[in-house]
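Open the model in your viewer and keep the sequence panel beside it. We will go from stop to stop, with something to select at each.

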Amino acid sequence: SFLSALYHALSDNGILITQVGDAPERGEAPEHVSLNENRIVYSNSLAKQGFEFIADYTEDHTGFEAPWYFYAAFKDSRMRANWMANEAEITREIQRRAVRTVDGSS
């Protein structure tokens, strides 16, 4: 299947990001009883495929009229720590990985 091909195309610690429609709004019916019920089916399919951790998130800066909703599916649940890192942790990791040049700048 297409989902299987995507899963196997990723590295062992790969992450699949998919946009799954408009973000839910306050006061909307739960997804399992709304027009978005296929999101639950899709999320379950990701888990059945072997993804160990699935996160959902809303992005307001896509340039569309409304926020978009995304799933991030992780093949290795240990990658969750990187996903959940705060700004200071990310900055520290970038600095750790930076390669210094001969003149000392990065």
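The tour starts with the whole chain, then visits a helix and the salt bridges.

**Before you start**

This is a predicted model, in which local features need pLDDT of at least 70, side-chain atom pairs count only at pLDDT 80 or more, and totals for chains, interfaces and linings use all residues. Residues are numbered from 1 along each chain as its sequence is written, and side-chain values use heavy atoms, leaving out hydrogens and water.

**Stop 1: the whole chain**

Show the cartoon. Helices (H or I, at least four residues) and strands (E, at least two) are DSSP runs, numbered from the N terminus. Trace the chain along its sequence: the pattern is α-β-α-β-β-α-α.

The accessible surface comes to about 8000 Å² (Shrake-Rupley method, 1.4 Å probe). Carbon and sulfur atoms account for 52% of that surface. Of the 106 residues, 25% are buried. Buried means under 20% relative accessible area, exposed over 50%, and partly exposed in between (1.4 Å probe, protein chains only).

Contacts are next; a contact means heavy atoms within 4.5 Å. Take those between residues at least 6 apart in sequence: 56% of them join residues at least 24 apart.

**Stop 2: helix α2**

Select residues 37-49, which form helix α2. How far apart are its end C-alpha atoms? They are 19 Å apart, which agrees with the 18 Å that its 13 residues should span at 1.5 Å a residue. The expected span is 1.5 Å times one less than the number of residues.

Which residues of α2 are buried? Show side chains for Arg 39, Ser 43 and Leu 46; these are buried. They cover an arc of only 55 degrees around the axis, so they sit on the same side of α2. The arc is that of the directions from the helix axis to the C-beta atoms.

Step past the helix to Gly 50, where phi is positive, near 125 degrees.

**Stop 3: the salt bridges**

How many salt bridges does a search of the whole structure find? There are 3. A salt bridge is a side-chain nitrogen of Lys or Arg within 4 Å of a carboxyl oxygen of Asp or Glu.

Select Asp 76 and Arg 78. Their closest N and O atoms are 2.6 Å apart. Asp 76 counts as buried, at 11% relative accessibility, whereas Arg 78 is exposed at 63%.

Move to helix α4, residues 87-97. Select Glu 93, which is partly exposed at 28% relative accessibility. Glu 93 bridges to Arg 96, with the closest N and O atoms 2.5 Å apart. These two are 3 residues apart, about one helical turn. Glu 93 also bridges to Arg 97 (2.8 Å, N to O). Here the spacing is 4 residues, again about one turn of the helix. An α-helix has 3.6 residues a turn, so residues three or four places apart point the same way.
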